[in-house]
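Me: Could you take me on a close look at the ligand site in this model? I'd like one connected picture of what is around the ligand and how the annotated positions relate to that place.

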Amino acid sequence: MSKRQFKIAVLPGDGIGPEVIGESIKVLDAISEVFQCEFHAEYGLIGAEAIFKTGDPLPEETLQICKNSDAVLFGAIGDPVFDNDPDAKVRPEQGLLKLRKELGLFANIRPLKTYSSLIEKSPLKREIIEGTDIQIFRELVSGIYFGEKFTDPEGAYAYDVCRYSREDIIPIVHMAFKEAEKRNKKLTLIDKANVLDTSRLWRKICQETTSQYPDVKLDYLFVDNAAMQMILNPGQFDVILTENMFGDIISDEASVIGGSIGLLPSASIGEENALFEPIHGSYPQAKGKGIANPVASILSTAMMLDHLELHDAADKLKRAVEHAIENKYVTVDLNAEQHYSTQEVGRFIADYIRYSEKSYYNFENIKIGKSTIV
Ligand code: IPM
Ligand code: MN
């Protein structure tokens, strides 16, 4: 049988991005050895790195590589040089925002679940978080992120407009209802409909849509209350649907439930393109130290495999990650006493994919520091 071929645009970006993406590539190599598929990586510059080299946070060449790909793997973006300078004319983040817009990636999907061996790592109590399994749908190419912006030249005032049209909202509403139908049939719209017109439009469209998904129970929460509910009782959530900025904030908050933001992947989906990225940022303090957790990037790669309909490969990859976590083969954020480097965790997961079904390979024997052939 001939191998299925895929073109992957790889954008490592800033900070720890190149390190965690390096581990995703390692894992993809293992996948292509075991499954009937081949990945052709094309690298592009983005973010601070691209500004330093070309002056542009999203060079045209990078955009073209992405448009011609079957999927984009993205690392991280951001650099303290720009964060601390409110007058900077170009910013690394503009590269990612433009890329999302140009590729039409309207839905950002952020799954969140807890691993039983990591429950104690969470700052929240076991009984509150056990069994949490949430899928967040965040609108990604409209709202206040993309509305008109202005700063008065004298610096006296500034504004950012939050704008939503029906066309911006309807596709992601259907996506979220469909996902809820496949899961526990509960959809929660997070908004601020007691204050914002845009939120009232979201509610109206959700209400109009519910008759097409009669099995799904739709409810609503104001975002301030939702922020509280997320840590008081995350078990009440199944699928969450929300606009761009609320989704940005709520998903970072939700990430503490699982014990580390370094675990959480995301998929950004459009009509024609798809991009996969960890939800963590560029974590500049950790750059080059080999301490960053590669799991979020590796699980984003699993979401990419699912998107490419390589479901067996995606399942295998997710099992490999679970195996690493359950056996405490993790980076320092998850175990301060005994931990492994970014590269060791990546290699362990890649090795598991290659050899877990081979009887001569002992994956339980990891106490000596690495998986060993016995
Ligand atoms: C995210 C990030 C981005 C966002 C930044 C880097 C522009 O925080 O993907 O959540 O705000 O969307
Ligand atoms: Mn964010």
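Reply: Happy to! First, a word on the annotation we will meet: UniProt positions are given in the numbering used here, feature names are shortened, and annotations may be inferred rather than shown by experiment. Please also keep in mind that this is a predicted model.

Let's start with the surroundings. Ligand 1 has I77, E93, R100, R110, R138, Y145 and D248 around it. Sorted by class, this shell holds five charged residues and two nonpolar ones, with no polar residues. Both domains take part: domain 1 (1-106 + 264-373) and domain 2 (119-259) each supply at least three residues of the shell.

Now for the polar contacts. R100 places a polar side-chain atom 2.7 Å from an oxygen atom of ligand 1. For R138, the distance from a polar side-chain atom to a ligand 1 oxygen is 2.8 Å, and for D248 it is 2.9 Å. On its own, ligand 1 has 320 Å² of accessible area, and the protein covers 78% of that. The space that ligand 1 takes up is the largest pocket.

That brings us to the record. An unreviewed UniProt entry places the feature "binding site" at D224, D248 and D252. These residues span 29 residues in sequence, yet no two of their C-alpha atoms are more than 14.3 Å apart, so they gather at one spot. From this set, D248 and D252 belong to the lining of the largest pocket.

Conventions:
Residues are numbered from 1 along each chain as its sequence is written. Chains are lettered from A and ligands numbered from 1 in the order in which they are written. This is a predicted model: local features need pLDDT of at least 70, side-chain atom pairs count only at pLDDT 80 or more; totals for chains, interfaces and linings use all residues. Side-chain values use heavy atoms; hydrogens and water are left out. A residue is near a molecule or strand if one of its heavy atoms lies within 4 Å of it. A polar contact is a pair of N or O atoms within 3.5 Å; within protein, one must be able to donate a hydrogen and the other to accept it, and residues adjacent in sequence count only if both atoms are side-chain atoms. Accessible areas come from the Shrake-Rupley method with a 1.4 Å probe; for residues, only the protein chains shown count as cover. On a 1 Å grid over the protein atoms alone, a cavity is a set of points where a 1.4 Å probe fits but cannot get out, and a pocket is an open set with protein on both sides within 12 Å along at least five of seven lines; lining residues have an atom within 4 Å of a point. A molecule sits in a cavity or pocket if more than half of its atoms lie within 2 Å of its grid points. Ala, Val, Leu, Ile, Met, Phe, Trp, Tyr, Cys and Pro count as nonpolar, Asp, Glu, Lys and Arg as charged, and the others, Gly among them, as polar. Domain bounds come from an automatic or database domain assignment.
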